[in-house]
Amino acid sequence: MRLGIVGSGMIVNDVLPILKELDIEIVGISGTERSKQKLIELKEKFSIKKVFTDYENMLESQEIDTVYIGIPNHLHYEYSKKALLFGKNVICEKPFTLNMDQLIEIKELAEEKNLILIEAITNQYLKNYEYIKSNLKRIGDIKIIECNYSQYSSRYDAFKKGIILPAFDPQKGGGALMDINIYNIHFVVGLIGRPNRVEYVANIDNEIDTSGILIMEYETTKVVCIGAKDSTSEIRTTVQGEKGSFVVNGATNSIPSVIENILGDKKVFNINEHEHRMYSEFKEFKRIIDEKDLKSAKDRMNHSLLVMEIVDKARMI
């Protein structure tokens, strides 16, 4: 995988050390003219070959075979589509797009061009998550799942003063559902699939959900996903079955440790292969792209489509 990166914000700064550790070649980094100094600093710090302030110029580079998109949510569709049209594989940060129509369009474009298109969603690749998924039957029929990822946003104070940044802009895919609760949705869907019913109850301020409760109803399982950017609480997730439970100590985007309690036999474990939540996903992305594993990419896309289906339903309510 020979990578071109789009963006210079927090998520890009977060992932760059991991890319270096995984020996992924970073050919270029692209951003706006306004962010040029930041791009230069990242280039020097992480030995990136080239800086681009024109996205198309980066896409024209024959050295790059894959683009990682780490920019605000409302730009994901446009930048993914353009990269695919230039013949590049795409790794796009969550949420993949703003709606299902956009996602289906770029999915079909990737298939037409025989390219990899994949969503960067950390929890699906973590060993702690894989353990829960493969051992789910040990806790019996699942009755209740409760996810709470509530974290006061540093941008919320500005929002209350009338300064609307992308994280709280309804036109730019902001809000608690798309930004933070979506990790909970991925967590649940990866375990038990498509719900029969979706309901979203949110605190709305200035047309954006600053916090909310997503209810998903399955035949024998009831799910509550709480996501908040306007308040905070203990962050944890509980999966309850007839014979026991799994409790995630921490956020569903990192799953730092798990308490397993089966018929009174209790243990705490952490088998994640790296302390950084993005390590495992990029290790797998590198494998998928290097091997051109279209089957794995299709499986991941089917998961992302299901999550987007739920998000669309929630946002319509």
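Visitor: Which residue is the bridge partner of Val 239 in S12?
Guide: This is a predicted model, in which local features need pLDDT of at least 70 and side-chain atom pairs count only at pLDDT 80 or more, while totals for chains, interfaces and linings use all residues. Residues are numbered from 1 along each chain as its sequence is written, and side-chain values use heavy atoms, with hydrogens and water left out. Strand S11 (residues 236-241) runs antiparallel to S12 and pairs with S12 over five bridges; two strands pair if DSSP finds at least two bridges between them. In S12, the residue that bridges to Val 239 is Phe 246.

Visitor: How many residues of strand S12 are buried?
Guide: Strands here are DSSP runs of E with at least two residues, helices are runs of H or I with at least four, and both are numbered from the N terminus. S12 pairs with S11 and also, over five antiparallel bridges, with strand S13 (residues 258-262). Buried means under 20% relative accessible area, exposed over 50% and partly exposed in between, with a 1.4 Å probe and protein chains only. Strand S12 (residues 244-249) is mostly covered, and of its six residues the number buried is five.

Visitor: How many residues lie between the strands in the hairpin of S9 and S10?
Guide: Strand S9 (residues 208-217) is joined by nine bridges to strand S8 (residues 197-205), which runs antiparallel to S9. S9 is also joined to strand S10 (residues 222-228) by seven antiparallel bridges, and Gly 212 has Gly 227 as its bridge partner in S10. The hairpin of S8 and S9 has two residues between its strands; for the hairpin of S9 and S10 the number is four.

Visitor: Are H5 and H10 roughly parallel or roughly antiparallel to each other?
Guide: The axes of helix H5 (residues 100-113) and helix H10 (residues 294-316) come within 9 Å and cross at roughly 160 degrees. Angles under 35 degrees count as roughly parallel, over 145 as roughly antiparallel, 65 to 115 as roughly perpendicular and the rest as oblique. The two helices are therefore roughly antiparallel.

Visitor: Which residues of H5 make the contact with H10?
Guide: Contact means heavy atoms within 4.5 Å. On the H10 side, the contact is made by Met 301, Ser 304, Leu 305, Met 308, Glu 309 and Asp 312. On the H5 side, the residues are Met 100, Leu 103, Ile 104 and Lys 107.

Notes: Axes fitted to C-alpha atoms, helices over the stretch in contact; angles between N-to-C directions.
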